[in-house]
Amino acid sequence: MKNIVVVMTGGTIAMRIDPNLRAAIPSLSSEELIGEVKAHIKDTQIREKELFNIPSGHITPERMTEIRQAVVEALSDPENVGVIVTHGTDTLEETAYYLDISIDNEKPIVMTGAMRNASELGYDGELNLTASIATILNEESRGLGTLVVMNNEVHSAAQVTKTNTLSVNTFKSPELGPLGIIDNDEVLYYRREKSVKKVIVDTLEPKIALIKMAAGVEGDIIDFYIDNGYKGIVIEALGRGNVPPATLPSINRALELNIPIVLVSRCATGRVLGSYGYLGGGKGLFESGVINGGYLPGHKARIALMALVSANKSKEEMEQFFKI
Ligand SMILES: NC(=O)C[C@H](N)C(=O)O
C-alpha cells in the first residue's frame, strides 16, 4: 500500500459560502475536504495533516517555513511516496516556488487548490486532489521538484503563475506551457524539466521589499525601505529592465549600503538584460551592481531573495542563482 501525505493549509478548496456574509470563508474540515476522494481511490492510503485553514492572503514567510517543515517531515518517512499541499490560489505560486528551491528530494511534491468553493456548482477541489494523487503516483513525476496541479495540468513551480482572477483554467506557464496533462487519471508528460535552482534553507528573511516601476515613479519608496531596515529589494522594472531616472539616486544609495537589489520586469514574459544605455537603462543598472533577476516575476524573485538573504549568500552566489 502506497502512502501519500496531504498537508492542508486552506484556500478556496476548503471554503464554503457563509449564509450571513454571502461570501466564501474557510470552513471545510479535513474529513470533508478529503473524505470523498479517499473513498474513490484504491491501493493508496491518504494521511492528512491539517496545518492551518486560512486564505492564502494570510500566508506569511513564517507560515511558508512551517509548510516546508511539514513537507520535509513527510518526505523523510520511507513509507510516503510523495506529498500534496492544498493551498489558496492567490499566493500558491509563491509557496510552491519556496518549496521548489528549498527542498532537494526525488519524491514529488504537488501543490493544488480550487477556484470554486464547496458551495458552488462545479467545485473543482476533488478533481484537483484526484489529479494530484495521480501525479504523485506516476513514476515520471520523481525528480521534478515541486509541481502545481490544477485543471488537469501539471506545471513546474518555477514557471507557473495565476493568470485569471476567476477561471478554473487560471494557472498557466506562459513561456513554456504545462509539463503535462492528467487525462482520465493518467499523467502524460510533454516534457520533464528538472528543477535545478536550490537554496536549501528553512527560514525566510521577511524584510525583502517588492517595488513596481511605472511612468514617473520617484525614489521615495526605495528610501522608505532603506530607512526601515529592509535587507533586500526586488524591483519590477519597465520592459527589458529599465527604471525612471528619478529612482537612480535611491537605487545607488541602497547599493552603497550593500542592500542587494534584484531587477526583474513587470512584463508578463521575457527576461531582463542591459540592452539600453540611456539614463535609467538596464546597462547602467547592472554595471552599478544591480543583480539580474532573469525571467522571474517580482513575487517569485522576492521569495528567492528572502531565501538567499536568509542563507547569508554572497552577491556572487545570488547572481549565480538568478542566472538561467
Ligand atoms: N481560489 C483561491 O483559493 C483564492 C483564495 N482567495 C485564496 O487564495 O485563499
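Predicted model: local features only at pLDDT ≥ 70, side-chain atom pairs only at ≥ 80, totals over all residues.
Colleague: How many helices and strands does the protein have?

Modeller: Nine helices and 16 strands. Helices (H or I, at least four residues) and strands (E, at least two) are DSSP runs, numbered from the N terminus.

Colleague: And the overall dimensions?

Modeller: The radius of gyration is 20 Å, close to the 20 Å that the globule rule gives for 324 residues, so the protein is as compact as a globular protein of that length. That radius is taken over C-alpha atoms, and the rule is 2.2 Å times the number of residues to the power 0.38. The C-alpha trace spans about 60 × 45 × 30 Å along its principal axes.

Colleague: What percentage of the residues is buried?

Modeller: Buried residues are 45% of the 324. A residue is buried if 20 or more other C-beta atoms lie within 10 Å of its own, exposed if 12 or fewer, and partly exposed in between, with C-beta atoms placed from the backbone.

Colleague: On to the ligand. Which residues are around it?

Modeller: Gly11, Thr12, Pro55, Ser56, Gly88, Thr89, Asp90, Gly113 and Met115. The criterion is a C-beta atom, placed from the backbone, within 6 Å of the molecule. The shell divides into two nonpolar, six polar and one charged. Here Ala, Val, Leu, Ile, Met, Phe, Trp, Tyr, Cys and Pro count as nonpolar, Asp, Glu, Lys and Arg as charged, and the others, Gly among them, as polar.

Colleague: Where does UniProt place the "binding site" feature?

Modeller: At Ser56, Thr89 and Asp90, in an unreviewed entry. They are spread over 35 residues of sequence but cluster in space, the largest C-alpha distance being 6.7 Å. UniProt positions are in the numbering used here, feature names are shortened, and annotations may be inferred rather than shown by experiment.

Colleague: Is Ser56 buried or exposed?

Modeller: Ser56 counts as buried because it has 20 C-beta neighbours inside 10 Å. Its place is in the loop between β4 (44-54) and α2 (61-76).

Colleague: What span should helix α4 have?

Modeller: At 1.5 Å a residue, the 13 residues of α4 (residues 125-137) should span 18 Å, and the end C-alpha atoms are 18 Å apart, which agrees. The expected span is 1.5 Å times one less than the number of residues. Buried residues in α4 include Asn128, Leu129, Ile133 and Ile136.

Colleague: Now β8. What covers it?

Modeller: Both faces of β8 (residues 153-156) are covered, with Glu153 and His155 on one side and Val154 and Ser156 on the other, all buried. Strand β7 (residues 146-150) runs antiparallel to β8 and is joined to it by four bridges. Two strands pair if DSSP finds at least two bridges between them. Leu147 has Ser156 in β8 as its bridge partner. Two bridges also join β8, antiparallel, to β11 (residues 180-183), where Gly180 stands opposite Val154.

Colleague: What sits in the turn between β7 and β8?

Modeller: The two strands form a hairpin with two residues between them, and Asn151 in the turn has a positive phi of about 55°. Most residues other than glycine have a negative phi. Asn151 counts as buried because it has 21 C-beta neighbours inside 10 Å.

Colleague: And Asn184?

Modeller: Asn184 also has a positive phi, near 55°. It lies in the loop between β11 and β12 (186-189) and is exposed, with 7 other C-beta atoms within 10 Å.

Colleague: Last one. What is the strand order in the four-stranded open sheet?

Modeller: β13-β14-β15-β16, with parallel pairing. β13 (208-212) and β16 (291-292) are at the edges with a single partner strand each, so one side of each is left without a neighbour in the sheet. Five bridges pair β13 with β14 (residues 232-237), and Lys212 stands opposite Glu236 in β14.

Technical notes
Residues numbered from 1 in each chain as written.
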